[in-house]
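Dear colleague,

Please find the structure below, handed over for your own work. My notes on what was found in it follow directly after.

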Amino acid sequence: MKKIVVLTGAGISAESGIRTFRDSNGLWEEHRIEDVATFEAWQRNPDLVLDFYNQRRKQLYEVKPNAGHLALVELEKKFDVHIITQNVDDLHEQAGSSNVLHLHGELKKVRSTVDDRLVYTLDGWELKKGDLCEKGSQLRPHIVWFGEAVPMIEPAQRLSAQADIFVVIGTSLNVYPAAGLVYYVKKGIPVYLIDPQAEMLSGVQNLTVFRESAGTGVPKLVKQLVSGSEDAK
Ligand code: APR
């Protein structure tokens, strides 16, 4: 089976009702990154950080996967599909995708502030001051904040280098090291980009752009790849 590696960003969850970061009315228009998404912010004002993630976690319980997420599950019938997501929502998992690698953490998980290995699935949407790990330390969101290490980047780079087909969906490719993954793809491998604001990717030879939303573009691409794989029998 050919390996398809898919890099997703906030855009694939936009049609589920989850705000992106850098579009107009994006999250970073309302909050300063340095106030809610850095370790320093957590040390300076933990209540503000807890509330920022509690609000996003609360919304996550009210939304569901869209046609873009669901089409990627369809792809698994004919391909070995691996999703590398920058998103902290679990909509890929809810849709039924089998292999999901979270680069920037997971909103429904929390972890110890004295031992990174102690990660828990939060019961409900609210993480409060005084919610402690088994070692007695305050629990924090299991999110990779700006300036923090991205522990899953090496497996993501290896996956990208193994791709027979690489698909990029709904990311502004603003944030590294995630944005650099497309340059780990072997030369000549077909790369597809689905995004209403898609721009050409410099240095990527075999690029096909779907300048449209994930909700229409991903099903269209999946149909094309699945029928192409049947022809290729
Ligand atoms: N379908 C597909 N793409 C869309 C849609 C849609 N319906 N709506 C918006 N987009 C695209 C935008 O054009 C943009 O290119 O999704 C992208 C969203 O970009 P960002 O808001 O920058 O989100 P993302 O690229 O995921 O941000 C990367 O930055 O803030 C950090 O950790 C955070 O994981 C995040 C990282």
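The side chains of Asp90 and Lys108 form a salt bridge, with an N to O distance of 2.9 Å; the term stands for a side-chain nitrogen of Lys or Arg within 4 Å of a carboxyl oxygen of Asp or Glu. Between domain 1 and domain 2 the count is one salt bridge.

Before the rest, a note on the basis of these values. The model is predicted, so to speak of local features a pLDDT of at least 70 is needed, side-chain atom pairs count only at pLDDT 80 or more, and totals for chains, interfaces and linings use all residues. Residues are numbered from 1 along each chain as its sequence is written, and side-chain values use heavy atoms, with hydrogens and water left out.

Domains and their interface

The protein chain is divided into domain 1 (1–16 + 65–104 + 149–233) and domain 2 (19–62 + 107–143), with bounds that come from an automatic or database domain assignment. Their C-alpha centres lie 26 Å apart. Twelve residues of domain 1 are in contact with eight residues of domain 2, where contact means heavy atoms within 4.5 Å.

The two domains bury about 760 Å² between them, and 62% of this is on carbon and sulfur atoms. In domain 1, the residues that lose the most area to domain 2 are Ala10, Val88 and Asp90, which together make up 49% of what that side buries. Buried area here is the accessible area (1.4 Å probe) that two parts lose on being put together, summed over both.

Two residue pairs are in polar contact across this interface, both at pLDDT 80 or more. A polar contact is a pair of N or O atoms within 3.5 Å; within protein, one must be able to donate a hydrogen and the other to accept it, and residues adjacent in sequence count only if both atoms are side-chain atoms. On the side of domain 1 that touches domain 2, α1 (11–14) and α7 (91–95) each supply at least two residues. Helices (H or I, at least four residues) and strands (E, at least two) are DSSP runs, numbered from the N terminus.

Strand β2 (residues 80–85) runs parallel to β3 and is joined to it by three bridges; Thr85 has His102 as its bridge partner in β3.

The other open sheet has three strands in the order β5-β4-β6, with antiparallel pairing. Its edges are β5 (119–121) and β6 (139–143), each with a single partner strand, so one side of each is left without a neighbour in the sheet. Here the twist averages 45° from one strand to the next. Four bridges join β4 (residues 105–112) to the antiparallel β6, and Gly105 stands opposite Ile143 in β6. Helix α5 (residues 46–60) lies across β4 and β6 and runs at about 130° to β4.

Backbone points to check

Most residues other than glycine have a negative phi, and most peptide bonds are trans. Tyr176 and Pro177 are joined by a cis peptide bond, with omega about 5°; Pro177 is in the loop between β7 (165–169) and β8 (191–194). Leu173, in the loop between β7 and β8, has a positive phi near 55°. Asn25 also has a positive phi, about 70°, and lies in the loop between α1 and α2 (27–30).

With kind regards

Technical notes
Two strands pair if DSSP finds at least two bridges between them. Axes are lines fitted to C-alpha atoms, for helices over the stretch in contact, and angles run from 0 to 180 degrees between N-to-C directions.
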